[in-house]
Amino acid sequence: AVADIMGVRCTRNTSGDALAAYFFELSGKLGIPQTLRDCSIRESHIDMLADDAMLQTRLLVNNPLEIKRDDAIAIYTAALDGDLS
């Protein structure tokens with residue numbers, strides 16, 4: 001439904017990927033930082049970020065998948081350079 005409202009062409013199976021690509025392209029056009037590195041986050045910050053993320057229990061319990069500290073580290077590491085494929 002969001003993809004339709006935004007005018008993003010996609011199929012039902014690709015709507016998430018199409019919306020992610022749309023917003024990534026839009027953020028680039030607007031000059032919004034696209035990676036954690038663009039926000040001055042470095043590898044040395046990842047452990048602290050993962051530890052802090054694990055304290056967000058209100059959000060973690062509502063996530064459909066269990067997120068562990070290693071998962072958070074992997075997500076932050078991928079987001080460091082925008083490798084979220």
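Mentor: What follows starts with the helix pair, goes on to its salt bridges, and ends with some other sites.

This is a predicted model, in which local features need pLDDT of at least 70 and side-chain atom pairs count only at pLDDT 80 or more, while totals for chains, interfaces and linings use all residues. Residues are numbered from 1 along each chain as its sequence is written, and side-chain values use heavy atoms, with hydrogens and water left out.

The two helices are helix 3, residues 46-54, and helix 5, residues 69-80. Helices here are DSSP runs (H or I, at least four residues), as strands are (E, at least two), numbered from the N terminus. Helix 3 and helix 5 pack at an angle of about 130°, and their axes are 9 Å apart. An axis is a line fitted to C-alpha atoms, for helices over the stretch in contact, and angles run from 0 to 180 degrees between N-to-C directions. Helix 3 and helix 5 are therefore oblique to each other: under 35 degrees counts as roughly parallel, over 145 as roughly antiparallel, 65 to 115 as roughly perpendicular, and the rest as oblique. The crossing of the two helices is right-handed, a term used if the near helix is turned clockwise from the far one by less than a right angle, with anticlockwise giving left-handed.

Arg-69 is partly exposed, with a relative accessible area of 31%; buried means under 20%, exposed over 50%, and partly exposed in between (1.4 Å probe, protein chains only).

Side chains of opposite charge can pair when their charged atoms come close. A salt bridge is counted when a side-chain nitrogen of Lys or Arg is within 4 Å of a carboxyl oxygen of Asp or Glu. The structure holds five of them, and Arg-69 takes part in the bridges described next.

With Asp-47, the side chain of Arg-69 meets in a salt bridge of 3.3 Å, N to O. This pair links distant parts of the chain, since Asp-47 is in helix 3 and Arg-69 in helix 5, 22 residues apart. The C-alpha atoms of Arg-69 and Asp-47 are separated by 8.9 Å. Asp-47 counts as partly exposed, at 44% relative accessibility.

Asp-51 also forms a salt bridge with Arg-69, and the closest N and O atoms are 2.5 Å apart. Asp-51 lies in helix 3 and Arg-69 in helix 5, so this pair ties together parts that are 18 residues apart in sequence. Asp-51 is partly exposed as well, with a relative accessible area of 37%.

Salt bridges that share partners also join Arg-37, Glu-43 and Asp-81 into one network. Arg-37 counts as partly exposed, at 26% relative accessibility.

The loop between helix 2 (15-30) and helix 3 holds Ser-40. Ser-40 has a positive phi of about 70° although it is not a glycine.

In the segment after helix 5 you will find Gly-82. Gly-82 is partly exposed, with a relative accessible area of 32%. Gly-82 and Pro-33 are 49 residues apart in sequence, yet their C-alpha atoms are 10 Å apart in space.
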